[in-house]
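Thank you all for coming. Please take a moment to look at the sequence and the model on the screen, and then I will walk you through a few of the details.

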Amino acid sequence: MSNAVLIQPDIAFTNQIIELGGEDVFKCMQCATCSAVCELSPAENPFPRKEVIWSQWGLKNRLLGDPDIWLCHNCGDCSARCPRGASPGTILSAIRRQAVWHYATPQFLGAWMNRAGFLPVLILIPAVLLLLALLVRDPLAALLGISSDHGPGMQYANLFPHWLLIGFFTSFLILSLVSVALGGLRFWRAVKRSDLLQTEQAPSKSLLSSFLTVVMDFLTHKRFGGCTVTATRKRAHLGIFYGFLALFLVSTWAVVLLYVLNPFMETPLPYPFSFWDPAKIIANLGALALVAGCLIAMVERIANTKTMGRSTEFDWLFLGILFLVGVTGLVTEGLRFAESVTAGYTVYFIHLILAFMLLIYLPFSKFSHAIYRTLAMTYAEQMGRRR
Amino acid sequence: MDQKKIAVYLCEGCEIGTSLDLDALAGVCGTYACKTHPCLCRSDGVRTLEDHIRDGVNTLVLGACSPRFKSEQFNLPGCLVERVNLREQVVWTHEANDEDTQMMAEDYLRMGIARAERTALPDPFTLDVEKTILIIGGGTSGMKAALESARAGFKAILVEKEAELGGWKRRFPVQFRHSPPYGGLAATNLNGDLKSVLDHPNIEVLTSTTVASIEGQPGQFDISLRTNGTTRVSRVGAVVQATGWKPYDASRIEHLSYGKSPDIVTNIEMEDLLNKPQLVRPSDGKPIRQIAFIQCAGSRDPNHLPYCSAVCCRVSIKQAIQLREKLPDTQTMIFYKDIRTPAQYEDLYRRAQELKGILFAKGEVAGVTPREDGRLRIEVDQSMLGEKILVDVDLVVLATGMVPRVSDGEVIRRQRDAQAVIDRGEKGVKLETAKATLEELKQLDLESVLNLNYRQGPDTPTLQHGFPDSHFICFPYESRRTGIYLAGCAKAPTDFEGAISDGTAAALKAIQSVELGSQGKAVHPRWDDMSFPEFSFQRCTQCKRCTEECPFGVLNEDEKGTPKPNPARCRRCGICLGACPERVISFKNYSIDIVSSMIKAVEIPDEFDEKPRILGLICENDAYPALDTAGILRRRFSTFIRFIPVRCLGSVNTIWIADALSRGFDGVLLVGCQSGDHYQCHFIKGSEIMGIRGKNVREKLTQLALEEERVRLEELTIADYNRLPEIINAFADEIEEIGLNPFKGF
């Protein structure tokens, strides 16, 4: 009886995976077509069959500490070829969703994210917080002795002065990053504990060099290109990835310009930036790429359920927010050029709510894949488990 | 038939006329009239033949195509038609207008004429048949067989050992559906089945009854039945054996610990548990949280049942679905090697998977151990979880397989013969052998089911895994006892639906055998054959070879050991004819003399011609059709060979081989069907028997200072038409290498 492992099936955990989208888990007849067709799966202990089987048994610890679920890019090759319609890709998505919930702090927010009916609350939180910020704008400005006046004409900064906006967002972003970092840490520990590699295998690469390889991979999306049935997914993700990156970098640049460089500049900052300002050009292109990427991804999800599997509210929430952030951003800009005051400020406010949702729900939403996937891929790179 | 009046007709069609010199060929006919026709099978050709018959011709030799073709056109009532295969075996497989091809055609025509001179139209052996079918076993297939016999206008006697009809259906009130939608479950309609059987005026139901004896032959089986100590005698025409199955004894599968805990049950016991109002742990009445089914419990295991019982997967899935309804919170696991839900029953498997909670886990169950906490620990090897795993459950269900409820007549006979040796007070080696036999068979349950009064034993012989079929793919429903047909799980494991269709089929087979018997015709595979073996008992030496070698147990014997034929049991394979060293057995149209004269009809060129001659004795069932196919495909083979079709390779009497070699043939090629475990011999063991006889022949050859390689036995299947020409050519080459027969010309 050497190495015999006592297995305690946990039907409750299986049911949770079923609830979170893995409803076809019991259709699996364990044939391993999925693992064989997956272009991303390593040769040793390949996924996703083992994850599907673990899900049937409800082996919670194995699944949550399994880096392989994050090596999957949900390209749908497995689901398209599954002879029993068990949608292994969707099951892996459900497990990832479960993992995100498990590692995120505070737990109650995670629960709200995963329960239908909580969407209004999730929207209400940033709306209320932003309204509160508006309420304290003038008293705070007076207290701090900062002028909220950004000059004549239609200027969104008149609604949310830069100092308020940046201060507000930055503080919540930091909270969010702390939470996601905690989640990442707990995940990393679980991975190290996981019994995926039963032998004490020494890493074949240093952590830093593995990380850099993974970053290079992100930049090129080389690994994503391995997917065969949904080539559009790589394009969509590239658009979203670079669009978001551009917007993030430009925003950071704007903050740096405003608060780091501006004091040293002789002429005051021409604000708002002109349409042809390089930063503005990058931002607009980024927004377009983001919106286009989201559009492709959404169409793919609606039109191609066979390979994509059923999309859950978890998928739609993140994708929807991203898309709407891009759209409202562009519309806000357009309305400013059109000098449509009421509509402009309204859309701007909505844009802020959405952007805020994106940031504060980062640890609980699909957005967190950025950290878990990075960690898992780095680990896999270190252990030589990547194809 | 009075004086034979023979005429020969040669067909010019299908390249025969352009490939052979027909005038020269007509020369071999001697005094017989020989004519040609451009196309004999055409209506004017057939009319010409009919005109001849009207003019008094009663035996026709037709040099045309293979006798396997145009059989309808050349079926000329009252006339003996001898077909000479000039098309497939001569002109389509050999060079046209060639000296050797011509010699071949001439030989075949001579052989055909020789046969026509000696053969006669059979005079059928008919019986006053009893149009009653005895059905043994009142389960699903037995009831169906009775009903179908009755509906076809026959009487049926349905015998059931238990006090009530119904069989296993009584234990399965709910079964998986046998009609769309296949994923569903349905109540077993036993009462409907019972009513239709009990209400039918042509069916006599005898419960608590066993068969005390069966003797006679199809059409006239005299049976005696025993009901609670009283015996009654009846006559029936044929028998359907639907004796069903029993579950494999689970306690013999030691590692599964059956019997060590009340919580380890078989699938049959699970059926009973499911039908109780409260489903709890049998040991202590506590609730069942986890339950495991273990598939292939003893099945597909060389130490237990080496075969798959075909239904256990579906039964376990059905029970798991019932459990989901009865105990929705109980977790069900099914440990399997392979899930086998054939055809549409895949829907049942899918349905179980869609219930989201039945865990199908692949792996080899290495053991079940009762634990002190009252639970059962299952050890699974090669699990999909990547290692050896242990799982604790509250109830284990062993999906055991089916064992046919039949006995092997040959084994019982061995036992009885051994007992008889002891009872006679024999001494020495005979006694020792008998004792050893009894010791060897001691472990077996040797109670006869049919109690046949047959010399070869009281039950049908069994084949693989103890099933009494005679090759269930080639001859479904047939046993090796003519007039006794098999239905349901006695034949092969099946579900209720399979048992029902078996019942119908076996009943129709039984009826067919009675009807054919009334016309003196053979049953499958020589259907319609009216010849039967005739014995010249004056020369019989009571050697018993025919009695022993007959695959169908046709022959009983008297006190002296003289065979007592039962022609209606006979399938006309001729194995007895091949076996008889005294050559006292013959058919009207197939005998030692007929084949010998055909052998002698071949002209053997003298040694200076360097034209060897090979005799090919070729089985009509698979090898001859394969040869025809080779002809249709225009495969070429040696012109040195002369084929004579035989009823079965087992019907080859070694005298023919001796005749051929002493006549100057240089080699003898015997081509028969595949023997062994996956045999395809239509008469079960013909080629096997020939293999044994062939050894003796080769020994004799060595004594005569002849090379034993001159006689070769080849086995093939009907699909080996590409291989057959290669076999012939390789043998011809080898014979040329060995050299000509030194007896040539003597």
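Before the first pair of helices, one term: a crossing is called left-handed if the near helix is turned anticlockwise from the far one by less than a right angle, and right-handed if clockwise. Please keep in mind that this is a predicted model, in which local features need pLDDT of at least 70 and side-chain atom pairs count only at pLDDT 80 or more, while totals for chains, interfaces and linings use all residues. Residues are numbered from 1 along each chain as its sequence is written, chains are lettered from A and ligands numbered from 1 in the order in which they are written, and side-chain values use heavy atoms, with hydrogens and water left out.

Let me start in chain B, where H6(B) passes H13(B) in a right-handed crossing. Helices here (H or I, at least four residues) and strands (E, at least two) are DSSP runs, numbered from the N terminus. H6 of chain B covers residues 140-151 and H13 of chain B covers residues 496-518, and their axes come within 7 Å and cross at roughly 40°. Axes are lines fitted to C-alpha atoms, for helices over the stretch in contact, and angles run from 0 to 180 degrees between N-to-C directions. Angles under 35 degrees count as roughly parallel, over 145 as roughly antiparallel, 65 to 115 as roughly perpendicular and the rest as oblique, which means that H6(B) is oblique to H13(B).

Now turn to chain A, where helix H15 (residues 313-338) and helix H16 (residues 341-360) pack at an angle of about 150°, with their axes 8 Å apart. H15(A) is therefore roughly antiparallel to H16(A), and the crossing of the two is left-handed. Their contact (heavy atoms within 4.5 Å) includes A:Phe318 and A:Leu322 of H15(A) and A:Val347 and A:Leu354 of H16(A).

Also in chain A, helix H11 (residues 207-220) packs against helix H17 (residues 369-382) at about 120°, again with axes 8 Å apart, and these two are therefore oblique to each other. H11(A) passes H17(A) in a right-handed crossing.

What do the two chains share? Buried area is the accessible area (1.4 Å probe) that two parts lose on being put together, summed over both, and chain A and chain B bury about 2400 Å² between them, 58% of it on carbon and sulfur atoms. On the side of chain A, the residues that lose the most area to chain B are A:Phe26, A:Trp57 and A:Arg84, together 29% of what that side buries. The contact takes 26 residues from chain A and 27 residues from chain B.

A salt bridge is a side-chain nitrogen of Lys or Arg within 4 Å of a carboxyl oxygen of Asp or Glu. Between chain A and chain B the count is one salt bridge, and A:Arg84 forms a salt bridge with B:Glu346, with the closest N and O atoms 2.2 Å apart. Within chain B, B:Arg171 and B:Asp272 meet in a salt bridge, at 3.1 Å from N to O. B:Arg171 lies in the loop between strands S6 and S7 and B:Asp272 in helix H8, so the pair ties together parts that are 101 residues apart in sequence.

Finally, some backbone details. A cis peptide bond joins A:Phe47 and A:Pro48, with omega about 0°, and A:Pro48 lies in the loop between helices H2 and H3 of chain A.
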